[in-house]
Amino acid sequence: MRKMTDVLKKNGKKIAAILVCCLMLSVTSCGSDIEYIDETGNSSSTSGDNGSDNGSGSSSSNITYTGDVEYADSENEEFQKFLKDYFVDAVTESTIDYNYTIKDGSKYGIEPPVATLGDPSMDKASIDSQKKEIQDQYDKLMTFKDVKLTEDETFTFECLKNNIELSLKLFDNIYFYEPFSPMRGLQANIPTNFTDYRFDDKSDVEDYVTLLGQMRDYFKGYIDFEYEKSKAGYFMADSVADKVIEQCDEFTADKENNFMIEVFDDRIEELDFLSKEEKEDFKKRDKEAILKSVIPAFEDLKKCITELKGTGKNSLGLCNYDGGKEYYSDYVFPSFSDSSKTPDEEIAVMEKRKQNLTGEMTLIYSSNQEAYQAFIENNDTLLEKYDKMDASEVIDYLIGHCLDDYPELDEIKYTANYMDKHMEKIMENVLAYYMSPAIDDPEHNLIYVNGAHPSGMWTTLAHEGCPGHMFQNAYFMSTNPNPVRAIMGNIGYKEGWAVYSSYGSLEQCDFGGSEYAKEFAKLTKINEDLGYLLYGRIDLGVNYEGWTVDDVKDFLSSSGYGTDFAEDIITTVIGDPGAYLSYTTGYYELEELRLLAEDELGSKFDAKEFHKVVLTAGPCSFKNLRTKVEKYIYENR
């Protein structure tokens, strides 16, 4: 999902101009070498020059892979049974999970669950039970620690081990969990969870209406938790509460004509397996469920947040709570970045990166002032050719012109739609999002575009479509992965790939046939990179280092931005800690692995083969991904 606020985009032109003026005298201190800290904690550097060959394949201090690992020749039946049980438990936890993951459960020996939103209980007994269930899964997994498995099974074991260990850290202080955060909360995701619900047969429609009828009770479980959090001193900051209240007001503004009613009515008319009478009955039941369950759920939430507003003990970042800094470091940061670096190491990476990016911008200015000036003067219109195209046209163009450096893949079937006008408002900070198909129904890829943001369609659809999210998912699924691997979240990997590949697509953009297309591509990438870095660095500053509003303003000012949106950014990063790390750190980690491969392989490096390694590995932590990249390097020296 691509998120970038208007205020960030509008400041892009300004920062491009200011940073060059500030840094023209510091070109020599911003060389092209990129310093990074690898996943083993060693500080390294590489020039990224893929034109030099390191020679005869001698070993490198940056590579630990030796090729001497022995794997089983056939799959372990007990391990495969464990994976199947794990998969079944995961996809049957709620009907929504099942609907989005599987089209035909019989292919996996799974019966569809009775329509349920899941268990919303957040009392101590329920939380202890959830933790025990995860711990039991982990203990069962670890019985295979010293068992000889196939190479694929071994990788799956390591990925699952990493993810479960991380999920257990959520329970270090459950009060840090926020079920109603502005970006990731229930109220923020109800619209997409239901407007994109798949209707394959009548039972799906029946389940859908049943789920809506459960909504008020489902919300109640988490609303009760908010009162408990308040008593314990962990209620959300007032600025975040205001945002949640605003979301509730937006959703309930026109009850009788709620957009979910309108969307359902339109979708139901397209279902040829329902009779006219059945359609009318479902429409009536759907509206009743919206008016008697869903809207009251949002009203209950607003009442709760309004009553509790002001009871929060902390108006800034997580680190201002007792144990909050450790929680951010041990759970939030790795959960959203998929990095095994520490926040301190990542801060160093970001500071160095900011210096490098501004140095690159300055070098472009110094070498071609005409191109730079053209970029500044025409920044808003450089890609308007694609902004005026239909979303499907842009995606098709990207597929036809920007996949030369990626492994071959059969035709990707997809649908690109524009959000409902109400959805545009509710998801105002989302430019577009990709909805992956059920794992047994790969042809139904779905991309939704926010028509309220008509600019930036090239990078947005490269990010969501090809070579971004849609291509990544389609390629990985083409490798026929174990179903457990297919449901792994690893958002740092996913968003990191989408950012990385969307930047790469700029190199194939002609920018309207401009003679400065090469320079425009570099400057556009730098501008976007700096924008994401802004949010990622402030997230770390506020939630890990304890930055105040004044600290954020100082950072914005020194970075060439205005300071009038400092409080908005703080609300974003304290409301949803870590959210932007998926885009920043996720991208940096992937770029770091590419630079490592380029440096080690020199002229033997092949971008298509590198991308094949990354895509075949699939969603995982970057520590796990590095093992695959190191193997690729070892075998190709």
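These legends describe close-up views of one predicted model. As a prediction, the model has local features only where pLDDT is at least 70 and side-chain atom pairs only at pLDDT 80 or more, while totals for chains, interfaces and linings use all residues. Residues are numbered from 1 along each chain as its sequence is written, and side-chain values use heavy atoms, with hydrogens and water left out.

**View 1. Helix H23 is largely enclosed by the rest of the structure.** Helices (H or I, at least four residues) and strands (E, at least two) are DSSP runs, numbered from the N terminus. H23 covers residues 517-543. Its expected span is 1.5 Å times one less than its number of residues. For 27 residues that gives 39 Å, and the end C-alpha atoms are 39 Å apart, which agrees. Of the 27 residues, 25 are buried. Buried means under 20% relative accessible area, exposed means over 50%, and partly exposed lies in between (1.4 Å probe, protein chains only).

**View 2. Lysine 283 is a buried residue in helix H12.** The helix spans residues 276-308. Lysine 283 has a relative accessible area of 17%. Leaving aside residues up to four places away in sequence, lysine 283 touches Phe264, Asp265, Ile268 and Glu269. Contact here means heavy atoms within 4.5 Å.

**View 3. Phenylalanine 82 and phenylalanine 144 form one of the aromatic pairs.** The structure holds 47 such pairs. Rings of Phe, Tyr and Trp (its six-membered ring) pair if their centres lie within 6.5 Å; planes under 30 degrees apart count as stacked, over 60 as edge-to-face and the rest as tilted. In this pair the centres are 6.1 Å apart and the planes meet at 50°, so the pair is tilted. Phenylalanine 82 lies in helix H3 (residues 77-91), and phenylalanine 144 in the loop between helix H5 (124-142) and helix H6 (151-168), so the pair ties together parts that are 62 residues apart in sequence. Phenylalanine 82 is buried at 9% relative accessibility. Phenylalanine 144 is buried too, with a relative accessible area of 9%.

**View 4. Ring pairs link eight residues into a cluster.** The members are Tyr175, Phe176, Tyr177, Phe225, Tyr234, Tyr321, Tyr327 and Tyr331.

**View 5. Two lysines sit over aromatic rings.** A charge sits over a ring if NZ of Lys or CZ of Arg is within 6 Å of the ring centre and within 35 degrees of the ring normal. Lysine 325 lies over the face of tyrosine 544, at 4.6 Å from the ring centre. The charged end of lysine 628 is over the ring of phenylalanine 155, 4.5 Å from its centre.

**View 6. Strand E5 pairs with strand E6.** Two strands pair if DSSP finds at least two bridges between them. Here four bridges join the strands, which run antiparallel. E6 covers residues 445-449. Tyrosine 433 has tyrosine 448 of E6 as its bridge partner. E5 (residues 430-435) is mostly covered, with six of its six residues buried.

View 7. A cis peptide bond joins cysteine 466 and proline 467, with omega about 10°. Aspartate 338 has a positive phi, near 60°, and is not a glycine. Phenylalanine 511 has a positive phi of about 45°. Phenylalanine 511 is buried, with a relative accessible area of 5%.
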